[in-house]
Amino acid sequence: MSIRKDWKLIEILIKDNSRVLDIGCGEGGLISQLEKNIKAKTNGIEVNADLARKAIASGYNVVEGNAELDLNQYSNQSFDYVILSQTLQAMVKPKEVLTELLRIGQKAIVSFPNFGHWKIRLQLLFSGKMPKTKGLPYSWYETPNIHFFTIKDFQDLCKELNIIIEKSIALTGKGRQFEISPGISYANLFTSEAIFLLSYKNFEPIKIKTKQKSFSRNSALAS
Amino acid sequence: MNKSINIFKNFELQCLIAEFSDISLKLDSSIKINNFKIAYKTFGTLDANKSNAILICHALTGDQYVSGINPITKKDGWWSRMVGPNKPIDTNKYFIICPNVLGGCSGTTGPKEINMETNLIFGRKFPSITIKDMVKAQNYLIEALSIKKLFAVVGGSMGAMQALQWSIDFPEKINNIIHIAGALKHSAQNIAFHEVGRQAIMNDINWNMGSYIKKNTIPEKGLAVARMIAHITYLSDDAMHRKFGRKLQSRDIISFGFDADFQIESYLRYQGRSFVDRFDANSYLYLTRAMDYFEVGKKFSNSIEFPKMKNQHINYLIVSFTSDWLFPTLQNKEIVKILNYFNRNVSFTEIETDKGHDSFLLDEPELDEIINGFLNSNFNKIN
């Protein structure tokens, strides 16, 4: 299996020897790469039974399951990284899934096709039809992608959910990559695929001079 | 300790017998069996560093004849399509050990064997046993064979229960578990079916309070009915419809009587009759009871006890079948969920088939592929 460009970038975001959960792991391509290159300890979940079985038969820890129904079986903060690659746009409840990722993992890595790319904008503007591109090749009536969003939309959602974006990398249609920073306004125009490294804001425990325990990060978030 | 273990070949049973004398097997019930024996078969060759041993645990009415010809039935072993040279569990590569379970009736200590202490047939005097007890006895066998670590423990149904129990009681002795169509605990519905089977046996006048061997009778009818009931639970509505439908047996019109008019009746009667020739009624009582008592759920869901278990290194493969209503997917998935909750190495797949619980014994290419792939790729990892 050839190594995908986005997988290579995901690998760079992950520290060696980490525990990684790959959601929608397919037949285990990314898992295999992470085990081999950075000695990651991996688990995977895949909705397609045939792909899941291929992964299992290759010796990876993969369970057949649905990202929207079966993530509740993983305990809080049980992985260093949870990866959701090219799948968020196919979720019925992407916001809930995103929250789940950071419940299970210390950090989440999310990649998605950017609907804000200039080619997509132009296609819709001039043809008046739902755009089709190399990354989004489906007709509207058969696409698995049910929630289209842009980099800006995603940044807004992260803000709303108190999620900090530790790093974001843009991939252009031609395979070039650059880091998305708030200063670069054209990122949303030229990115065909974006990869985000996410975590929660690191609240310092609030020390209150009572006999009560200090608030942890999670209780601070809940309030 | 080795002094009291004696392994010899039994020509009548065409298998090996390991006799453990002066070792007392303390059962879950606190009763001890002081002299016991395990009948088992092996296939393939144990490699130099003893890293290729696979223990196969049989289901309720299985035996040690997992592959090759069963000398009692003269038919192929119960999993010969899965186990053998160049089969998914390849005996050219792995060393297979398949013991008859404690309480069984193919040569291992069980109700039809002679109690070494009294020199009488155990019969109903045989103590109640559990899945844990079976595993404990198997562990003595593995120790006797000087195998420190099993590459895998594999089993379906009652065999799956044993495999799971192995990972709880002796996690340090296993690398991989293949658990097919099992559960954390035996469900109320399954206990109910077993109870009907046991009642059929115990209400047969020839059962004689369990002393039928001494009285020279066989509770054939009761055991056959028990088997017929159980056999229904191993199939599925769809498979029965596909295989038999409402087709009549050797007749064109219904008889307006209680003969086996329908093919399904004739089939079940045949299953019942042929079962009597190869299985002991008391064994059936004890083994169904052992399954009923099986419940590891309580221990598993205990979040303090489980993480302490030394099973972090074990790769679990859990397999279920869509049409299995005896050990349905949901019950298998409960195990997966708990293992995932505790961050263990777990794989799970549900195979689509209409063949019911018995699917694991039948032609299911997807099952073959996944078992073969899982074993071989994990074997390559450690070698």
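# A tour of chains A and B

Begin by selecting helix α3(B) and helix α7(B): Ile191(B), His194(B), Gly197(B), Arg198(B) and Ile201(B) of α3(B) meet Ala281(B), Tyr284(B), Leu285(B), Thr288(B), Met291(B) and Asp292(B) of α7(B). Two residues are in contact here if their C-beta atoms, placed from the backbone, lie within 7 Å. Helices (H or I, at least four residues) and strands (E, at least two) are DSSP runs, numbered from the N terminus.

Before moving on, note that this is a predicted model, in which local features need pLDDT of at least 70 and side-chain atom pairs count only at pLDDT 80 or more, while totals for chains, interfaces and linings use all residues. Residues are numbered from 1 along each chain as its sequence is written, and chains are lettered from A and ligands numbered from 1 in the order in which they are written.

**Stop 1: α3(B) and α7(B)**

Keep residues 188–202 and 281–293 of chain B selected; these two helices pack at an angle of about 160°, with their axes 10 Å apart. Axes are lines fitted to C-alpha atoms, for helices over the stretch in contact, and angles run from 0 to 180 degrees between N-to-C directions. The pair is therefore roughly antiparallel; angles under 35 degrees count as roughly parallel, over 145 as roughly antiparallel, 65 to 115 as roughly perpendicular and the rest as oblique. The crossing of α3(B) and α7(B) is left-handed, a term used if the near helix is turned anticlockwise from the far one by less than a right angle, with right-handed used if clockwise. By class, the contact of α3(B) with α7(B) has 6 nonpolar, 3 polar and 2 charged residues. In this division Ala, Val, Leu, Ile, Met, Phe, Trp, Tyr, Cys and Pro count as nonpolar, Asp, Glu, Lys and Arg as charged, and the others, Gly among them, as polar.

**Stop 2: α4(B) and α6(B)**

Select residues 220–234 (α4) and 263–278 (α6) of chain B, whose axes come within 8 Å and cross at roughly 125°. At that angle α4(B) and α6(B) are therefore oblique to each other, and their crossing is right-handed. From α4(B), the contact takes Glu220(B), Leu223(B), Ala224(B), Val225(B), Arg227(B), Met228(B) and His231(B); from α6(B), Leu268(B), Gln271(B), Gly272(B), Arg273(B), Phe275(B) and Val276(B). These residues divide into 7 nonpolar, 3 polar and 3 charged.

Now move to the loop between α5 (237–243) and α6 of chain B, where Ser250(B) is found. Ser250(B) has a positive phi of about 45° although it is not a glycine. Is Ser250(B) buried or exposed? Ser250(B) counts as exposed, with 9 C-beta neighbours inside 10 Å; a residue is buried if 20 or more other C-beta atoms lie within 10 Å of its own, exposed if 12 or fewer, and partly exposed in between.

**Stop 3**

Select residues 131–144 (α1) and 158–169 (α2) of chain B; the axes come within 9 Å and cross at roughly 70°. That makes α1(B) roughly perpendicular to α2(B), and the crossing is right-handed. Here Ile131(B), Lys132(B), Met134(B) and Val135(B) of α1(B) meet Met161(B), Gln162(B), Gln165(B), Trp166(B) and Asp169(B) of α2(B).

Next, select Asn86(B), in the loop between β7 (83–84) and β8 (89–90) of chain B. Its phi is near 60°, a positive value in a residue other than glycine. Asn86(B) is exposed, with 8 other C-beta atoms within 10 Å.

**Stop 4: the domains of chain B**

Colour chain B by domain: domain 1 spans 2–186 + 295–382 and domain 2 spans 190–290, with bounds from an automatic or database domain assignment. The domain centres, taken over C-alpha atoms, are 26 Å apart. Between them, 28 residues of domain 1 are in contact with 24 residues of domain 2. The domain 1 side has 11 nonpolar, 12 polar and 5 charged residues.

**Stop 5: chain B against chain A**

Display both chains; their contact takes 21 residues from chain B and 15 residues from chain A. On the chain B side, the elements giving two or more residues are β14 (315–321), α10 (329–341), β15 (345–351) and α11 (365–382). The largest share, 8 residues, comes from α11(B).

**Stop 6: chain A**

Of its 223 residues, 37% count as buried. Select Ala40(A), in the loop between α2 (29–38) and β2 (41–46) of chain A. Ala40(A) is buried, with 22 C-beta neighbours inside 10 Å. Leaving aside neighbours within four places in sequence, Ala40(A) is in contact with Ile14(A), Ser18(A), Val20(A), Leu34(A) and Glu35(A).
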